[in-house]
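Try each task before reading its solution.

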Amino acid sequence: MIQVKGLTKAFRTYKKQPGFGGAIKGLFNRKYEQTFAVKDVNFSVEEGELVGFLGPNGAGKTTTLKMLAGLLYPTTGSAQVLGYVPWQRDDGYRRQFALLLGQKNQLWWDLPALESLELNARIYGISRESLQKTVDEMTSLLDVKDKLNVMVRELSLGERMKMELIASLLHKPKVLYLDEPTIGLDVISQKTVREFLREYNAKQKTTILLTSHYMADIQELCKRVIIIDHGTIFFDGKLSEIIDRFADSKLITIQCEGGKQSPSEHLQKYGQVLEQNATEIKLKVKRERVIAVCKALLDELPVSDIDIQEVPIEDVIRQIFAR
Ligand SMILES: Nc1ncnc2c1ncn2[C@@H]1O[C@H](COP(=O)(O)OP(=O)(O)OP(=O)(O)O)[C@@H](O)[C@H]1O
């Protein structure tokens, strides 16, 4: 569905020097810098896949999606989506994909949501019956049926995002680029949007590339993730593999009988003491030491229960970004 080879985008940026003097200087002697927003990116996505695109701020996610949507020309490299080169902006391609930018409005601000959807339907040549059916279905699933006659500018952020999502799906795109579709939404709306996307992807087999800073979105929706940083991909694989490759520790929680415990200084030789109270100790222990530490703890303490868990994926990703 999507094939990206050596995709690179460099922006030429001008750094203005401070103050009025800087502005005048800039008129005569501008110094430009080249920023590589995306650098030699390669990946491919199969039909029906829902791939999470992760990375810290400024990593190059939006720039990549914008190139795949044909909004930006790459500096070098190639891409094919559904057999089309996106930046050639072929009508055939435009009818088959949608780009939803969570931080931008795409609906008409001064129209009621329904009229805005009707306008979109006209642009894509969608029949009235088909529009009605899709809008009926989607507004019920997303719980915004009663908001169809409200002006877009009067909708809450969550309601507007749901309408934006409906608008981008009216023409039943085969490829969907979602750039932070749940940004700023409350937890209930986030969950509604997530469930909607999961069902939609399963039913329609739409190929989806999704960026989000909420790990819950990624964990619940994407089996595969691509991690990008400074414009370069450094991981492309199963979400579960991230733990194997990047999490160097596990969490051991032990319950002790009768409050008999070792002082935390003593426990520190096993790993990082995360929590300790009268009956429970939580330790973060290097992967390769887990078995040995468990044995030692069972020998030393009156352990009544022991639990070994992976570090939450959210913490692993945070560590990767921090590095
Ligand atoms: N039009 C532009 N002109 C100059 N530089 C740009 C432009 N658009 C993006 N950049 C730069 O390219 C880099 C990547 O930006 P991009 O928006 O793709 O990041 P992102 O991964 O989507 O970040 P975020 O998670 O914050 O949305 C950033 O350093 C940004 O400053």
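**Exercise 1. The ligand shell**

Which residues surround the ligand?

Solution. The model is predicted. Start with the residues around the ligand: Phe11, Thr13, Thr35, Ala37, Gly55, Asn57, Gly58, Ala59, Gly60, Lys61, Thr62 and Thr63. Next, look for the elements behind them. Strand 1 (2-14), strand 2 (32-45) and helix 2 (61-68) each give at least two residues to this shell. Helix 2 has the largest share, with three residues.

**Exercise 2. Two domains**

Find how the protein chain is divided, and how far apart the centres of the domains lie.

Solution. Domain 1 covers 2-243, and domain 2 covers 247-322. Over C-alpha atoms, the centres of the two domains are 41 Å apart.

**Exercise 3. Where the domains touch**

How many residues of domain 1 are in contact with domain 2, and which elements supply them?

Solution. Begin with the count: eight residues of domain 1 contact eight residues of domain 2. Now stay on the domain 1 side. Helix 8 (215-221) and helix 9 (239-246) are the elements that give two or more residues there. The largest share comes from helix 9, with three residues. Finish with the classes. This side of domain 1 has seven nonpolar residues, one polar residue and no charged ones.

Terms used. Residues are numbered from 1 along each chain as its sequence is written. This is a predicted model: local features need pLDDT of at least 70, side-chain atom pairs count only at pLDDT 80 or more; totals for chains, interfaces and linings use all residues. Domain bounds come from an automatic or database domain assignment. Two residues are in contact if their C-beta atoms, placed from the backbone, lie within 7 Å. Helices (H or I, at least four residues) and strands (E, at least two) are DSSP runs, numbered from the N terminus. Ala, Val, Leu, Ile, Met, Phe, Trp, Tyr, Cys and Pro count as nonpolar, Asp, Glu, Lys and Arg as charged, and the others, Gly among them, as polar. A residue is near a molecule or strand if its C-beta atom, placed from the backbone, lies within 6 Å of it.
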